[in-house]
Amino acid sequence: MNILFPSVYLDSVYAIDYEKVKELGYKAIIFDIDSTLVPHGDDTSDQVDELFAHIHDVGLKTLLLSNNSDERIALFNRNIQTLYIPMANKPHKPNFFKAIDMLGVNRSEVLLVGDQIFTDVLGANLCGIDNVLVNFLKHKEDINIGKKRQVEKLILQVYTLLYKKRKHRLSDIVVGDYKKMDKKKKLFCEIHPAFYAISVRKGILKRHVDNLRQKTKFARTFKKEQLPNVVHSYSTHLIKKGKDIDPELQYNKAYNIQLASSKMDGIIIKPGEEFSFWKLVGKINKKNGYKDGRVIINNKVQPGMGGGLCNLANSINLLIQHSPLVVTELHTHSDALSPDHGKRVPFGTGTSITYNYIDYRFKNTTDQTVQINLWVENETSYAELRSEKPFPVKFNLIERDHHFTKVDGKFYRKSNIYKETIDKKTNKVIKEELVYKNNSEVLFDYDLIPKDLVV
């Protein structure tokens, strides 16, 4: 049983005094991601990014060790910029030892922080690595926990009973300046509109610095002639009508989308190049011709400069999801802004962008050049992804377990979106992967939620 017990058991990663960790002789920390730093499947946050900046300032090295995919970790790591190992196959030992080698430390100088006994704690103990178990993070509506979590709960009860008075050298790391960053408290940007503006300026500046430091090869070449092969196309009507919908904001949205589309229409993305929405569109302000449309700030729909461009980013994301190109940055907001009309489209809405620090990006990892074509006609936005020649595979998005759940008086839309890779010759699915766990707060009238979808 001892091999399943952590060195110490704490509330969260924010209950650790990292300066004290350094004083105790540790030189590096290995972190799990899902349910340790963020709820499962969530993107990184300002809070997580600031935590890692603090740890690095203290002088500790870090590494992300996750059983998740390379794409997932690379996206999560874009601001943190630390070492990582994907598909780690925890609790098996090889990648724990690989992590120690990558960090350039001895096993006595590294600390592991994770949320699962049967992967993080067990793996660390098998390798002789000190470890901290933290309470696992979950989404508000995830009321039930799995069988493994139930077993872990029993193990922790035994651990607490046997080791309540045990003194470990890590017992003194429970401090806290980072208690001030408790997620239940308001973020800096939520305190006052002026502070939100400051946070925006900080995000823009940080993105400029990151772009210079990373030296990414961005796509900048345009071509009027369209490439011959259509990989995928998508269109959406832009003007929505209803008693609670401001028509002026709707027409402004269509205007904004048309203006931004003209900035990107015909862009060529060569092998190895990366597409950046904001690198091509530029600043969103009145000087550049943009108007107020609908935007989402702190999960609230309101008028805002350039409103509607999330729709355009979402159309581009749908093109890329139906291709072998790799999404390198994707942010999401609620896709439950209004009731569904007609057949529901996975990723039909929900992509989030804000100049310039919340971007939409993808990379051309194929061996041929591709092209994005965008235009607006008759109040409809059109998007096409083209290539020099057909790809040998095609792609399909499938949404499963779509339902609504009520938690603490609020409704949430939940679903899982999978991407199928299909061989064109045989028409058989050769690969299926989970690309997104949808967890969207419903922002429309709860009376319009289909009763048969409420669980």
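Arg413 is buried, with a relative accessibility of 0%; buried means under 20% relative accessible area, exposed over 50%, and partly exposed in between (1.4 Å probe, protein chains only). The model is predicted: local features need pLDDT of at least 70, side-chain atom pairs count only at pLDDT 80 or more, and totals for chains, interfaces and linings use all residues. Residues are numbered from 1 along each chain as its sequence is written, and side-chain values use heavy atoms, with hydrogens and water left out.

The side chain of Arg413 meets that of Asp340 in a salt bridge, at 3.1 Å from N to O. A salt bridge is a side-chain nitrogen of Lys or Arg within 4 Å of a carboxyl oxygen of Asp or Glu. Arg413 lies in strand E18 and Asp340 in the loop between strand E13 (326-329) and E14, so the pair ties together parts that are 73 residues apart in sequence. Helices (H or I, at least four residues) and strands (E, at least two) are DSSP runs, numbered from the N terminus. Asp340 is partly exposed, with a relative accessible area of 37%. A network of salt bridges links Asp335, Asp340, Arg344, Glu399 and Arg413.

The count of salt bridges comes to 18. One of them joins Lys90 to Asp120, with the closest N and O atoms 2.8 Å apart. Lys90 lies in the loop between E4 and H4 and Asp120 in helix H5, so this pair ties together parts that are 30 residues apart in sequence. Lys90 is buried at 7% relative accessible area. Asp120 is buried at 1%. Another salt bridge is formed by Glu152 and Arg149, whose closest N and O atoms are 3.2 Å apart. Glu152 and Arg149 are 3 residues apart in helix H6, so about one helical turn separates them. Glu152 is buried at 4% relative accessibility, and Arg149 is buried at 14%.

Helix H5 (residues 117-126) has 7 of its 10 residues buried, so the rest of the structure largely encloses it. The buried residues of H5 are Ile117, Thr119, Asp120, Val121, Leu122, Gly123 and Ala124. Gly128 follows H5 and has a positive phi, near 75°.

Backbone geometry was examined next. Most residues other than glycine have a negative phi, and most peptide bonds are trans. The peptide bond from Lys90 to Pro91 is cis, with omega near 15°. Pro91 is placed in the loop between strand E4 (83-85) and helix H4 (94-103). Asn89 lies in the loop between E4 and H4 and has a positive phi of about 60°. Asn89 is partly exposed, at 45% relative accessible area. Ser35 also has a positive phi, near 75°. Ser35 lies in the loop between strand E2 (28-31) and helix H2 (46-58) and is buried at 8% relative accessibility.

The largest nonpolar core has 44 residues, and those with the most contacts inside it are Phe275, Phe277, Ile320 and Tyr360. A nonpolar core is a set of buried Ala, Val, Leu, Ile, Met, Phe, Trp, Tyr and Cys residues joined through side-chain atoms within 4.5 Å. Elements giving two or more residues to this core include helix H9 (247-264), helix H11 (309-321) and strand E15 (370-377). H11 supplies the largest share, 8 residues.

The whole structure holds 9 aromatic pairs. Rings of Phe, Tyr and Trp (its six-membered ring) pair if their centres lie within 6.5 Å; planes under 30 degrees apart count as stacked, over 60 as edge-to-face and the rest as tilted. Phe275 and Phe362 form a stacked pair, 4.8 Å centre to centre with 15° between the planes. Phe275 lies in strand E10 (residues 274-276) and Phe362 in strand E14 (residues 361-363), so the pair ties together parts that are 87 residues apart in sequence. Both Phe275 and Phe362 are buried. Phe275, Tyr360 and Phe362 form one aromatic cluster. Phe411 and Tyr446 form an edge-to-face pair, 4.8 Å centre to centre with 70° between the planes. Phe411 is buried at 12% relative accessibility, whereas Tyr446 is partly exposed at 30%.
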